[in-house]
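This report goes through a few local features of one protein chain. Please keep the sequence and the 3D view open while reading.

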Amino acid sequence: MRRLKIALLQITPCGTLQENQEKGLEYCRKAGELGADIVLFPEMWSNGYHIYDSPVERWTSEAIPVDGEFINSFGALAKELHMAIGITLLERYRGGPRNSLVLFDRWGEHRLTYSKVHTCDFGAERALTPGEDFRVTTLDTACGEVNVGAMICYDREFPESTRILMLKGAELILVPNACPMELNRLSQLRARAFENMVAIATCNYPGSVPDCNGGSSVFDGVAYLPDQTESRDTCILLAGAEEGICLAQLDLEQLRKYREAEVHGNAYRRPRKYGLLVNTEVAPPFIREDRRREDR
C-alpha cells in the first residue's frame with residue numbers, strides 16, 4: 001500500500017477573491033503534478049484571513065456562499081485532477097459569517113463542510129458565527145479509504161476538539177491555520193497526535209503574511225515502532241517560512257497497526273469520570289464577562 005501524499009499550500013494570498021481563486025487553482029495543479037492525494041489550504045483562503053486590518057463591516061461583507069462559483073471551481077478541479085481538495089473560506093451564513101473548510105473528494109463530491117467551533121472571541125473573530133459540531137467523513141483516495149476530520153487554528157488549543165474527532169473515527173485531521181506556529185503551538189499539535197493516535201496536517205500562511213511564519217506541519221501520531229526500543233519523532237514534515245507546496249507522505253498502514261496495538265486514544269479511557277469537563281455550573285469558564293457568548 002503506497003503512502004498517502006498530503007500537499008499543504010503554504011502560500012501568500014492576493015488582494016481579491018478572483019486572484020485568490022486563480023492562484024489557488026494554479027497551486028492545486030502544481031500539487032497534482034507532484035502526485036498529491038489531498039491538498040489543504042491555510043485558513044480562510046477566500047479573503048486571505050484579511051480581518052484584522054479593516055473595519056468589521058468591510059471584511060464581513062467579503063463572505064461568500066459555500067455553494068458558489070469560488071468553491072465549486074475547486075470541486076470541479078478535484079474531479080479533473082482526481083485529487084481531494086480542502087478549500088477554506090469566509091462563509092456567508094445566516095446570523096453572521098463563518099470560518100469554514102469545504103472538503104471535496106477525488107470525484108469532485110462535496111464530502112464535508114466544517115466551521116470553526118472555537119472562534120477567537122477576544123478579537124475580530126467575535127463577529128463570526130461559531131460552528132456547531134466536529135465532523136468526520138470517509139474520503140476515497142488512491143490509497144484507499146481514510147477517515148478525515150477537521151479543525152481550524154484556535155480549535156487546536158482545546159484538547160476536546162481532537163478527542164471528539166478521534167472518537168468519531170478520524171485517522172487524519174486537517175487543520176487550516178493563520179497564526180505564528182511557534183514552539184508551544186507545534187507542541188500542542190504533537191501532543192494531540194500522540195495522545196489520540198491520529199495524524200494531524202496543519203497548513204499555515206508563509207512568513208510573508210503578517211503575524212504568520214510558515215511552519216506548516218504533519219505529525220503522524222506513531223510514537224513507537226515494534227523494531228525500536230526508543231520512541232520516535234512523530235513529525236514527518238515541518239516547513240520553513242518560505243512560500244511553497246509542502247508535501248508529506250503518510251503511512252496509513254503503519255498508523256492503523258499502531259492504533260490496534262497501543263494504549264493511547266480510546267483504549268483505556270474512563271468517560272464516566274469526566275463529567276466535570278462539561279458541567280459549566282460546577283466549573284464555569286474563567287473568561288471575561290464582556291467576551292462571553294451565551295451559547296457556550
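Which elements do the buried residues of α5 pack against? They pack against α4 (159-167), β9 (199-203), β10 (217-219), β11 (235-238) and α6 (252-261). The model is a predicted one, and the values below were computed from its atoms.

## Helix α5

Helix α5 covers residues 183-196.

The buried residues of α5 are L186, Q188, L189, R192, A193 and N196. Looking down the axis of α5, these buried residues fall within an arc of 150°, so they line one face of the helix. An α-helix has 3.6 residues a turn, so residues three or four places apart point the same way. On the other side of α5, L183 and N184 are exposed.

## The two ends of α5

At the start of α5, E182 and N184 come together: a side-chain oxygen of E182 lies within 3.0 Å of the backbone nitrogen of N184. N184 is also one of the exposed residues of this helix.

After α5 comes M197, which has a positive phi, near 55°.

## Salt bridges between separate parts of the chain

Side chains of opposite charge can pair when their charged atoms come close. How many salt bridges does the structure hold? The count is 18, and the pairs described here are among them.

In one of these salt bridges, the side chain of R29 meets that of E80, with 2.8 Å from N to O. R29 belongs to helix α1 (residues 17-33) and E80 to helix α3 (residues 69-81), so the pair links distant parts of the chain, 51 residues apart. R29 is partly exposed because its relative accessible area is 37%; the limits for that class are 20% and 50%. E80 has a relative accessibility of 52% and so counts as exposed.

Another salt bridge joins R98 and E132, whose closest N and O atoms are 3.4 Å apart. R98 lies in strand β4 (residues 98-104), while E132 lies in the loop between β5 (110-115) and β6 (136-141), so the pair ties together parts that are 34 residues apart in sequence. Is R98 buried or exposed? Its relative accessibility is 8%, so R98 counts as buried.

## A buried pair and its network

The side chains of K116 and E125 form a salt bridge as well, at 3.0 Å from N to O. Both K116 and E125 are buried. This pair belongs to a network of salt bridges that links E43, K116 and E125.

## Positive phi in two loops

Which loop holds H82? H82 sits in the loop between α3 and β3 (84-91). Its phi is positive, about 60°, although H82 is not a glycine. With a relative accessible area of 35%, H82 is partly exposed.

C153 is likewise not a glycine and has a positive phi, of about 40°. C153 is found in the loop between β7 (144-150) and α4. At 5% relative accessibility, C153 counts as buried.

Key. Residues are numbered from 1 along each chain as its sequence is written. This is a predicted model: local features need pLDDT of at least 70, side-chain atom pairs count only at pLDDT 80 or more; totals for chains, interfaces and linings use all residues. Side-chain values use heavy atoms; hydrogens and water are left out. A salt bridge is a side-chain nitrogen of Lys or Arg within 4 Å of a carboxyl oxygen of Asp or Glu. Helices (H or I, at least four residues) and strands (E, at least two) are DSSP runs, numbered from the N terminus. Buried means under 20% relative accessible area, exposed over 50%, partly exposed in between (1.4 Å probe, protein chains only). The expected span of a helix is 1.5 Å times one less than its number of residues. The arc is that of the directions from the helix axis to the C-beta atoms. Contact means heavy atoms within 4.5 Å. A polar contact is a pair of N or O atoms within 3.5 Å; within protein, one must be able to donate a hydrogen and the other to accept it, and residues adjacent in sequence count only if both atoms are side-chain atoms.
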